[in-house]
Amino acid sequence: MKTRAFETADQAAASAAAMLADGERLSRLWRYVFAQMLDDYTSVLHHAGISAAAQMWTEEPRGTGDSRVDATFAAMAEYLARRDGWTPPSWARLSQREAWPWWFVTDLRGLHAQALVESPSSFRRRGVFITSGALDRA
């Protein structure tokens, strides 16, 4: 899978929608879309500052066809905004940005209980469950 830099959350959502249309597993979307978006955001944050990084999340990402993926975009926007001190975009608060069924990002069922406990509130409230290391990047 070829990765590319995302300039906006909408570009990442377009990639996610294409992957879903190709039948990719959700766990691969985490790796190739959300981890890549987090890396790109972090790069912009460090090189251009908070305002430029927040701008990546201003436009509402297109729907991907999967509520779990759409909810994750909102969860990540809110998480990063709170962590880095910018105002979350209004689209991130939309009620349709909730996962159904819930999404445990890891395929390892033994880690689901851990993910229930460790997920940041912005993810947990939307029905997306990750372990504490899921947002750690090298």
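Predicted model: local features only at pLDDT ≥ 70, side-chain atom pairs only at ≥ 80, totals over all residues.

Colleague: Where is V33 placed, and what does V33 touch?

Modeller: V33 is in helix α2, which covers residues 26-48. Leaving out residues up to four places away in sequence, V33 touches F6, A12, S15, A16, M19, R28 and F73. As for V69, 36 residues away along the chain, its C-alpha atom is separated from that of V33 by 9.9 Å.

Colleague: Which residues have the most contacts inside the largest nonpolar core?

Modeller: Those are W30, W57 and F73, in a core of 39 residues. Helices α1 (9-21), α2, α3 (50-55) and α4 (67-84) each supply at least two residues of this core, and α2 gives the most, with 10 residues.

Colleague: What is F73 in contact with, beyond its neighbours within four places in sequence?

Modeller: Its partners include A9, A12, A13, A16, V33, F34, W57 and W91. P61, T64 and R97 are also among them.

Colleague: And W100, what makes that one buried or exposed?

Modeller: The relative accessible area of W100 is 68%. Exposed means over 50%, so W100 counts as exposed. W100 is found in the loop between α4 and β1 (103-104).

Colleague: Which residues form the nonpolar patch that includes W100?

Modeller: On the surface, W100, W102, L116 and V117 form that patch, and together they have about 520 Å² of accessible area.

Terms used: Residues numbered from 1 in each chain as written. Heavy atoms only, no water. Helix = DSSP H or I, 4+ residues; strand = E, 2+ residues; numbered from the N terminus. Contact = heavy atoms within 4.5 Å. Core = buried A, V, L, I, M, F, W, Y, C linked by side-chain atoms within 4.5 Å. Buried < 20%, exposed > 50% of the residue type's maximum accessible area, 1.4 Å probe, protein only. Patch = residues over 30% accessible without salt bridge, like charges linked within 9 Å, V, L, I, M, F, W, Y side chains within 5 Å. Areas by Shrake-Rupley, 256 points an atom, 1.4 Å probe, with all protein chains shown as cover. Salt bridge = Lys/Arg side-chain N within 4 Å of Asp/Glu carboxyl O.
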